[in-house]
Amino acid sequence: MPALTPLLRRLCRASLLVFLGDGSRLRRELAAALREGADAETLREAILQNYLFAGYPRCINALAELAAIAPLPPRPPVRRDLGAWRARGDRLCRRVYGRTYEKMIETMRRLHPDLADWILWEGYGKVLSRPLLDARTRELCVIPVLAAGGMVLQLRSHLAGARNCGATAAEVREALRIGIDGAPPTAARSARALLSDGRA
């Protein structure tokens, strides 16, 4: 029996298709979500966060697919406030990473002195703390993308992060299976190993 709601399942699949750059399948997924009563603004927000994982070109192409079937009025841009984004990002990142937060931040600082700050103010503050989607929804949408990309270290973190943000074990497993189903063979094997060893 599916654990994800129909909308969450659509958002997870759409996120995967943004990452894969599959515009025609994405348009069909978005059209089905709209027919089922999904709000176009919610779909737009779920697509937008994927610039962190799929890059600007795929995010732009995906937003264009949505605009072709559900034109939305322009919205004023969010006011740039690095201090607020940094504080918001720190709160959310601590929630996602739990006990491993300090270790993760130190690791990022060792990799590059700017990386930890970018993760907090841009990734978690500017993007993942935006309104419209809660942290649980955002984390579940990240899982299929990381699985399909073969990004195992980050996937492990976000499997736990989804649970830390209120997702059930069954929801996490279903989101991971969506990613496995769309992943290239090597990435699918790596993600499947996390499923079978009880990490999800």
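Modeller: The lining of the second largest pocket divides by class into 11 nonpolar and seven charged residues, with no polar ones. Ala, Val, Leu, Ile, Met, Phe, Trp, Tyr, Cys and Pro count as nonpolar, Asp, Glu, Lys and Arg as charged, and the others, Gly among them, as polar. The model is predicted: local features need pLDDT of at least 70 and side-chain atom pairs pLDDT 80 or more, while totals for chains, interfaces and linings use all residues. Residues are numbered from 1 along each chain as its sequence is written, and side-chain values use heavy atoms, without hydrogens or water.

The second largest pocket has 18 lining residues, and those nearest its centre are Glu-45, Leu-48, Pro-77, Val-78 and Arg-130. A pocket is an open set of points on a 1 Å grid over the protein atoms alone, where a 1.4 Å probe fits, with protein on both sides within 12 Å along at least five of seven lines; lining residues have an atom within 4 Å of a point. The volume of the second largest pocket is about 440 Å³, counted as the space filled by probe spheres set on the points, which are joined across faces, edges and corners. At least two lining residues come from each of helix H3 (40–48), helix H5 (56–69) and H8. Helices are DSSP runs (H or I, at least four residues) numbered from the N terminus.

Glu-45, one of the residues nearest the centre of the second largest pocket, is found in helix H3. Glu-45 counts as buried because its relative accessibility is 3%; the classes are buried under 20%, exposed over 50% and partly exposed in between, with a 1.4 Å probe and protein chains only. Not counting residues up to four places away in sequence, Glu-45 touches Arg-75, Arg-130, Pro-131, Leu-132, Leu-133 and Arg-138, contact being heavy atoms within 4.5 Å. Arg-130 is therefore both a partner of Glu-45 and one of the residues nearest the centre of the second largest pocket.

Among the partners of Glu-45 is Leu-132, whose place is in the loop between H8 and helix H9 (135–148). Leu-132 has a positive phi of about 90 degrees although it is not a glycine. Most residues other than glycine have a negative phi. Leu-132 counts as partly exposed because its relative accessibility is 46%.

The loop between H8 and H9 also holds Leu-128. Leu-128 is classed as buried because its relative accessibility is 6%. Outside four places in sequence, Leu-128 is in contact with Gln-49, Leu-52, Leu-92, Gly-123 and Arg-138; Arg-138 also touches Glu-45.

Back in helix H3 is Ile-47. Ile-47 is buried, because its relative accessibility is 2%. Its contacts, residues up to four places away in sequence aside, are Val-18, Leu-30, Cys-59, Ala-62, Leu-63 and Leu-66. From C-alpha to C-alpha, Ile-47 and Leu-17 are 9.7 Å apart in space and 30 residues apart in sequence.

Helix H8, which also supplies lining to the second largest pocket, contains Leu-120. Leu-120 is buried because its relative accessible area is 0%. Leaving aside neighbours within four places in sequence, Leu-120 contacts Trp-85, Arg-86, Gly-89, Asp-90, Cys-93, Tyr-101, Ile-105 and Gly-125. Leu-120 and Thr-107 are 13 residues apart along the chain, and their C-alpha atoms are separated by 14 Å.

Helix H8 (115–127) also supplies at least two residues to the lining of the largest pocket, as do helix H4 (51–54), helix H6 (82–97), helix H7 (101–111) and helix H10 (152–164). The lining of the largest pocket has 16 nonpolar, nine polar and four charged residues, whereas the lining of the second largest pocket has no polar residues.
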